[in-house]
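Please read the following briefing alongside the sequence and the model.

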Amino acid sequence: MSTTTTPAGLTTGHIGLNVTDLYRSADFYAKVFGLDVVSRDDEQGWVFLGAGGRLVLTLWRQSEGAFRADAPGLHHLSFQVADVAAVRAAESVLKELGAVFAHDGVVPHGEGAASGGIFFADPDGIRLEIYAPTGVEGVAAPSGEAPTCGFF
């Protein structure tokens with residue numbers, strides 16, 4: 001996973017998500033993204049996950065129900081990996097976990113795009129993407145000219 005740096009030096013920090021089942025979500029994110037538990041507080045209901053000494057994801061048990069795509073807020077989270085092989089490896093793990101996919105297999109971000117990935121939901125229905133910047137040239141896009149990352 002990489003961070004995005006702007007000319008002003010702004011970088012992305014960690015991501016914080018509300019989840020309904022802390023243990024289920026921590027297990028899911030650790031397995032899919034190869035993250036380690038940095039710290040946790042079962043009484044207060046949170047888990048911090050990281051990689052390489054860097055905090056990446058915080059999970060908070062502060063919600064009920066499922067993610068609502070029709071409500072203001074998060075559309076989806078996207079994670080970049082080095083190559084399509086890494087995308088396919090994550091896809092294998094997700095299939096073992098029974099994840100729900102928006103599309104079948106690795107798909108490009110749009111017709112003729114070199115970048116692409118997989119689009120799926122976490123146990124609470126939060127929409128996620130794992131993609132590579134190249135490697136899907138020549139694969140038909142599921143929505144033609146519409147951006148695949150839009151979960152159309």
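## Briefing on a predicted model

T134 lies in the segment after β9, where helices (DSSP H or I runs of at least four residues) and strands (E runs of at least two) are numbered from the N terminus. This is a predicted model, in which local features need pLDDT of at least 70 and side-chain atom pairs count only at pLDDT 80 or more, whereas totals for chains, interfaces and linings use all residues. Residues are numbered from 1 along each chain as its sequence is written, and side-chain values use heavy atoms, with hydrogens and water left out.

**Four partly exposed positions**

- T134 is partly exposed, with a relative accessible area of 47%, given that buried means under 20% relative accessible area, exposed over 50% and partly exposed in between (1.4 Å probe, protein chains only).
- Leaving aside neighbours within four places in sequence, T134 is in contact with V84, A114 and S115, contact meaning heavy atoms within 4.5 Å; T134 and D27, which are 107 residues apart in sequence, are 29 Å apart in space, C-alpha to C-alpha.
- H14 is found in the segment before β1 and is partly exposed, with a relative accessible area of 44%.
- Apart from neighbours within four places in sequence, H14 is in contact with L55, V56, L57 and T58, while the C-alpha atoms of H14 and A85, 71 residues apart along the chain, are separated by 25 Å.
- H75 is placed in the loop between β4 and β5 and counts as partly exposed at 38% relative accessibility; H75 and S63 are twelve residues apart in sequence and 17 Å apart in space, C-alpha to C-alpha.
- L97, found in helix α2, counts as partly exposed at 34% relative accessibility.
- The contacts of L97, leaving aside neighbours within four places in sequence, are F28, K31 and V32, and the C-alpha atoms of L97 and K31, 66 residues apart along the chain, are separated by 9.0 Å.

- Strand β9 (residues 127–132) is mostly covered, since six of its six residues are buried.
- From β9, the residues R127, E129 and Y131 point one way and L128, I130 and A132 the other way, and all are buried.
- In a regular strand the side chains alternate between the two faces of the sheet.
- Strand β5 (residues 77–80) is joined to β9 by four bridges, and the two run parallel, where strands pair if DSSP finds at least two bridges between them.
- Within this pairing, S78 stands opposite E129 in β9, and the bridge partner of L77 in β9 is L128.
- Strand β8 (residues 116–121) is joined to β9 by six bridges, and these two run antiparallel; here F119 stands opposite E129 in β9.
- The hairpin of β8 and β9 has five residues between the strands, and in this hairpin G125 takes a positive phi near 85°.

**The largest nonpolar core**

- A nonpolar core is a set of buried Ala, Val, Leu, Ile, Met, Phe, Trp, Tyr and Cys residues joined through side-chain atoms within 4.5 Å.
- Of the 30 residues in the largest nonpolar core, Y29, L59, F120 and I130 touch the most other members.
- Two or more residues are given to this core by each of β1 (15–19), α1 (22–33), β3 (46–51), β4 (54–61), β5, α2 (84–97), β8 and β9, and α1 gives the most, with six residues.
- Leaving aside neighbours within four places in sequence, I130 is in contact with V32, F33, F79, V81, V87, A90, G117, I118 and F120.

**The second largest pocket**

- On a 1 Å grid over the protein atoms alone, a pocket is an open set of points where a 1.4 Å probe fits, with protein on both sides within 12 Å along at least five of seven lines, and lining residues have an atom within 4 Å of a point.
- About 250 Å³ of space lies in the second largest pocket, the volume being the space filled by probe spheres set on grid points that are joined across faces, edges and corners.
- Of the 16 residues that line this pocket, the closest to its centre are N18, A66, F67, R68 and I126.
- By class, this lining has eight nonpolar, five polar and three charged residues, with Ala, Val, Leu, Ile, Met, Phe, Trp, Tyr, Cys and Pro counted as nonpolar, Asp, Glu, Lys and Arg as charged, and the others, Gly among them, as polar.
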